[in-house]
Number of protein chains: 2
Amino acid sequence: MNTDDFDLGDFLPYALNQAAEATSLAFQRHYKERYGMLRTEWRVLFHLGRYGAMTAKAICDRASLHKTKVSRAVRALERKRFLCREVLEDDRRQEVLSLTRLGQGVYDDLFKVAMAYDAELGTHFTPEERAVLRRCLKKIARL
Amino acid sequence: MNTDDFDLGDFLPYALNQAAEATSLAFQRHYKERYGMLRTEWRVLFHLGRYGAMTAKAICDRASLHKTKVSRAVRALERKRFLCREVLEDDRRQEVLSLTRLGQGVYDDLFKVAMAYDAELGTHFTPEERAVLRRCLKKIARL
DNA sequence: TGCTATTGGTTGGTTTTGTAACTAACAACG
DNA sequence: CGTTGTTAGTTACAAAACCAACCAATAGCA
């Protein structure tokens, strides 16, 4: 790569950030306006809705989120009556989180919106581009 | 797309965030540890270093950054003696920002690091993948 | 058992960010 | 000229993120 005509937009961390920012902001409207949720909150909600009840630690690991972030998101979702906790009998440090009926409904709604938004984004690309994009992003996230 | 086997990692805003987070964190080490800079600060520095002296407003527009963010970053960079301001005579609201010799040196150093990091990231992909990735990300950022 | 280390999760205090209101310089138009 | 509107940039206060110390339950092991 010739350094002289290198554009800032070619620098991967920068380009990723710009793209992530743009899509996050667009999608944020939905969960923020409709349910007063924060980014970490919808992530937690999505994890529980998509993969079923699990412990906070499990969410931390799966989503690469710090435990304080998850802890606060869980409290917020609990206050909204979107989820409830149940202490595990075999290890009373852990508590299993599961969505309430209300939380499940919110998840269903937001999931639909997410799919629609994703599909809309997809229209700008060919199937091959989409495939490459997904593959590359997953790979980068695991680095 | 079948909604039943939809993975959260397939949701573009999520995947983009994870990837952006991963690369940002890795690169952050350099400008943070070595120069005590914040993300917005290195962005501003890069813009000035790459595209030459310009006004804060110009940086806002080019980088899609809010003016308060830029204002604070400029102040921080000024305190570090990395840049200096010069009020425009024809319109005294504006001030042209330019890197000091010190700031230029820091930019040169970080630019090298950035190129190296970008190249290292690139080794994980084929040239075609890299091309698709760049193109798609730029497109998304402009949406 | 009793001691230390580890783990899941929470809390407190500081930094960063976001939002809105503000100042100062200019522009437009009567 | 004035008066009103806009634009570049700053500041103040609230919301959110980050980090480190913390608590309570458990595991490891003498």
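I began with the strands of chain B, where β2(B) and β3(B), residues 95-99, run antiparallel and are joined by five bridges. The model is a predicted one, and I keep that in mind throughout.

**Entry 1: the sheet of chain B**

I looked up individual partners in that pairing. B:Glu86 stands opposite B:Val96 in β3(B). B:Val87 has B:Glu95 of β3(B) as its bridge partner.

Next I turned to β1(B). It pairs with β3(B) over two bridges, again in the antiparallel sense. Here B:Thr55 has its bridge partner in β3(B), namely B:Val96. I note that B:Val96 turns up in both pairings: opposite B:Glu86 and as partner of B:Thr55.

What is the order of the strands in the sheet? I read β1-β3-β2 for chain B, an open sheet of three strands with antiparallel pairing. The edge strands are β1 (54-55) and β2 (83-87) of chain B, each of which pairs on one side only.

I then checked what covers the strands. Helix α2(B) lies across β1, β2 and β3 of chain B. Its direction is about 85° to β3(B).

**Entry 2: chain A as a whole**

I counted elements in chain A. There are six helices and three strands. Along the sequence they follow α-α-β-α-α-β-β-α-α.

I took the extent of the chain from its C-alpha trace. Along the principal axes chain A spans about 60 × 30 × 25 Å. Of its 143 residues, 33% are buried. I also looked at contacts between residues at least 6 apart in sequence. In chain A, 47% of these join residues at least 24 apart.

**Entry 3: one residue, A:Lys80**

I picked A:Lys80, which is found in the loop between α4 and β2 (83-87) of chain A. Why does A:Lys80 count as partly exposed? I find 17 C-beta neighbours inside 10 Å of A:Lys80. A buried residue would need 20 or more, and an exposed one 12 or fewer. A:Lys80 therefore counts as partly exposed.

I also checked A:Lys80 against A:Met54. They are 26 residues apart in sequence. From C-alpha to C-alpha they are 19 Å apart in space.

**Entry 4: where the chains meet**

I went to the contact between the two protein chains. It takes 38 residues from chain B and 38 residues from chain A. On the chain B side, α1 (12-35), α2, α5 (101-122) and α6 (127-142) each supply at least two residues. Which helix gives the most to that side? I find α1(B), with twelve residues. By class, the side of chain B that touches chain A divides into 22 nonpolar, nine polar and seven charged residues.

A pair of packed helices is described by the angle between the axes and the distance between them. The axes of α1(A), residues 12-35, and α1(B) come within 8 Å. They cross at roughly 140°, and the crossing is left-handed.

I listed the residues that meet there. From α1(A) they include A:Leu12, A:Leu16, A:Ala20 and A:Phe27. From α1(B) they include B:Leu12, B:Leu16, B:Ala20 and B:Phe27. The contact of α1(A) with α1(B) has twelve nonpolar, six polar and no charged residues.

**Entry 5: DNA strand C**

Two or more residues each come from α3 (56-63) and α4 (67-79) of chain A, and from α2 (39-51) and α4 (67-79) of chain B. α4(A) gives the most, with five residues.

**Entry 6: DNA strand D**

I repeated the search for strand D. It is surrounded by 18 residues. The closest are A:Arg92, B:Ala56, B:Lys57, B:Ser71 and B:Arg93. Here α2 (39-51) and α4 of chain A and α3 (56-63) and α4 of chain B each supply at least two residues. The largest share is that of α4(B), four residues.

Terms used. Residues numbered from 1 in each chain as written. Chains lettered and ligands numbered in written order. Predicted model: local features only at pLDDT ≥ 70, side-chain atom pairs only at ≥ 80, totals over all residues. Near = placed C-beta within 6 Å. Pairing = 2+ DSSP bridges. Contact = placed C-beta atoms within 7 Å. Axes fitted to C-alpha atoms, helices over the stretch in contact; angles between N-to-C directions. Nonpolar A, V, L, I, M, F, W, Y, C, P; charged D, E, K, R; others polar. Left-handed = near helix turned anticlockwise from the far one by under 90°.
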